[in-house]
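Colleague: I am new to this structure. Could you take me through the terms and how they are decided?

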Amino acid sequence: MELVSVDIGGTHARFAIATIADDGSITLSEPETLHTEDHVSFQTAWEDYRKRMGGSLPPRVSMAIAGPVGGDVIRFTNNPWIIRPAMVREKLGVDAYTIVNDFEAVAHAVARASEDQFLHMTGPEGPLPATGRLTVLGPGTGLGVAHLYREPDGTYRVSATEGGHIDFAPLDSIEDAILARLRKRHNRVSVERVVAGPAISDIYQTLAAMEQKAVPEVDDIEIWTKGMSGEDSLAAAAVDRFCLSLGSVAGDMALAHGAKGVVIAGGLGYRLRDTLLKSGFAERFRAKGRFESMMAGLPVKLIVHPQPGLFGAAAAFSSEHGKDAK
């Protein structure tokens, strides 16, 4: 069975043809990446992709969307497109469709990916637990959070959450200062304000102020680039601080979910994989007071599949429709 798998974020919409074999295995064609700003709607982006593919597409589609997916009208968090599920079949010319939150799709990818698609970060070595709940989270433009529950019979369930919007809890004087800076602009500071890609700018400016250094307001991408390369020691300190905070948040999520393991995902998480391993992420993940020994027993992995959103969207379609969609 073939379908169009789509992963739509604030900046890019990625398309691929997914093939689901009789044994449930999923393969993807080479993805096409379109800029959302180049298209006024998802339909025109779809038509562009269809043209690139020779004028025809499979009559099935699964969409992973960066934003809440309930309701009659789906609005994207970081781009002006809207989707009306009731109109999908008519507008796109498909017979069947699935729409999931982007991190719900990533959790489906975690459920279906092979063991070689995971990088071990901390905790016990070996595969992720075959049963029970896993926390899946990842920093990007925002902070995505979902959880995956594996049943003893091999089936699984996925739930999207808005865990990225829980309150940020500082653990030291530097994080106190980061929170104070953010509170000048936001009445309520969520963890997404500290452990998502754009947050590196506020972390960087906070560290500069603490050292009484006057630094220009620079693009967050520049800070990430200079920090990860070591070219700028202040930017490198900001990246390390980001990793510490991500470890704290990942541990909090695991506690809240009652998780038996954690998977880090997201485009930024993937780019940070080597940096995270050398940072204080693991120490902060475990640092939960009376529960430190329990946290040390949880495996933490990073998914390294190159397109978890597209792969997960196809897996979500397979889970919803099974053999009913021919």
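Modeller: Start with accessibility. Buried means under 20% relative accessible area, exposed means over 50%, and partly exposed lies in between. Keep in mind that this is a predicted model.

Colleague: Why is arginine 181 called partly exposed?

Modeller: The relative accessible area of arginine 181 is 24%.

Colleague: What makes arginine 181 and aspartate 202 a salt bridge?

Modeller: Their closest N and O atoms are 2.7 Å apart. The cut-off is within 4 Å. The pair therefore counts as a salt bridge. In general, side chains of opposite charge can pair when their charged atoms come close.

Colleague: Which parts does the pair of arginine 181 and aspartate 202 tie together?

Modeller: Arginine 181 lies in helix α4 and aspartate 202 in helix α5, so the pair ties together parts 21 residues apart in sequence.

Colleague: Is aspartate 202 buried or exposed?

Modeller: Aspartate 202 has 9% relative accessibility. Buried means under 20%. Aspartate 202 therefore counts as buried.

Colleague: Why are α4 and α5 called roughly perpendicular?

Modeller: The axes of α4 (residues 173-183) and α5 (residues 200-210) cross at roughly 115 degrees. Roughly perpendicular covers 65 to 115 degrees. The two helices are therefore roughly perpendicular to each other. Their axes come within 9 Å, and α4 passes α5 in a right-handed crossing.

Colleague: Which residues meet there?

Modeller: From α4 come Ile174, Ala177, Ile178, Arg181 and Leu182. From α5 come Asp202, Ile203, Gln205, Thr206, Leu207 and Met210. By class, seven are nonpolar, two polar and two charged.

Colleague: How do you know that α3 and α12 are roughly perpendicular?

Modeller: The axes of α3 (residues 102-112) and α12 (residues 308-321) cross at roughly 80 degrees. The range is 65 to 115. α3 and α12 are therefore roughly perpendicular. Their axes come within 7 Å. Among the contact residues are Ala105 and Val106 of α3 and Phe311 and Gly312 of α12.

Colleague: How many salt bridges does the structure hold?

Modeller: The structure holds 15 salt bridges. One of them joins arginine 52 and glutamate 32, at 3.1 Å from N to O. Arginine 52 is in helix α1 and glutamate 32 in strand β4, 20 residues apart.

Colleague: Why do arginine 52 and glutamate 32 count as partly exposed?

Modeller: Arginine 52 has 44% relative accessibility, and glutamate 32 has 25%.

Colleague: What makes arginine 284 and aspartate 172 a salt bridge?

Modeller: The closest N and O atoms are 3.4 Å apart. The limit is 4 Å. The pair therefore qualifies as a salt bridge. Arginine 284 is in helix α10, and aspartate 172 is in the loop between β12 and α4, 112 residues apart. A network of salt bridges links Asp172, Glu175, Arg241 and Arg284.

Colleague: Why is arginine 284 called buried?

Modeller: Arginine 284 has 11% relative accessibility. The cut-off is under 20%. Arginine 284 therefore counts as buried. Aspartate 172, at 26%, counts as partly exposed.

Colleague: Is glutamine 212 buried or exposed?

Modeller: Its relative accessible area is 75%. Exposed means over 50%. Glutamine 212 is therefore exposed. Glutamine 212 is found in the loop between α5 and α6. Its phi is positive, about 55 degrees, although it is not a glycine.

Definitions and conventions: Residues are numbered from 1 along each chain as its sequence is written. This is a predicted model: local features need pLDDT of at least 70, side-chain atom pairs count only at pLDDT 80 or more; totals for chains, interfaces and linings use all residues. Side-chain values use heavy atoms; hydrogens and water are left out. Axes are lines fitted to C-alpha atoms, for helices over the stretch in contact, and angles run from 0 to 180 degrees between N-to-C directions. Helices (H or I, at least four residues) and strands (E, at least two) are DSSP runs, numbered from the N terminus. Angles under 35 degrees count as roughly parallel, over 145 as roughly antiparallel, 65 to 115 as roughly perpendicular and the rest as oblique. A crossing is left-handed if the near helix is turned anticlockwise from the far one by less than a right angle, and right-handed if clockwise. Contact means heavy atoms within 4.5 Å. Ala, Val, Leu, Ile, Met, Phe, Trp, Tyr, Cys and Pro count as nonpolar, Asp, Glu, Lys and Arg as charged, and the others, Gly among them, as polar. A salt bridge is a side-chain nitrogen of Lys or Arg within 4 Å of a carboxyl oxygen of Asp or Glu. Buried means under 20% relative accessible area, exposed over 50%, partly exposed in between (1.4 Å probe, protein chains only).
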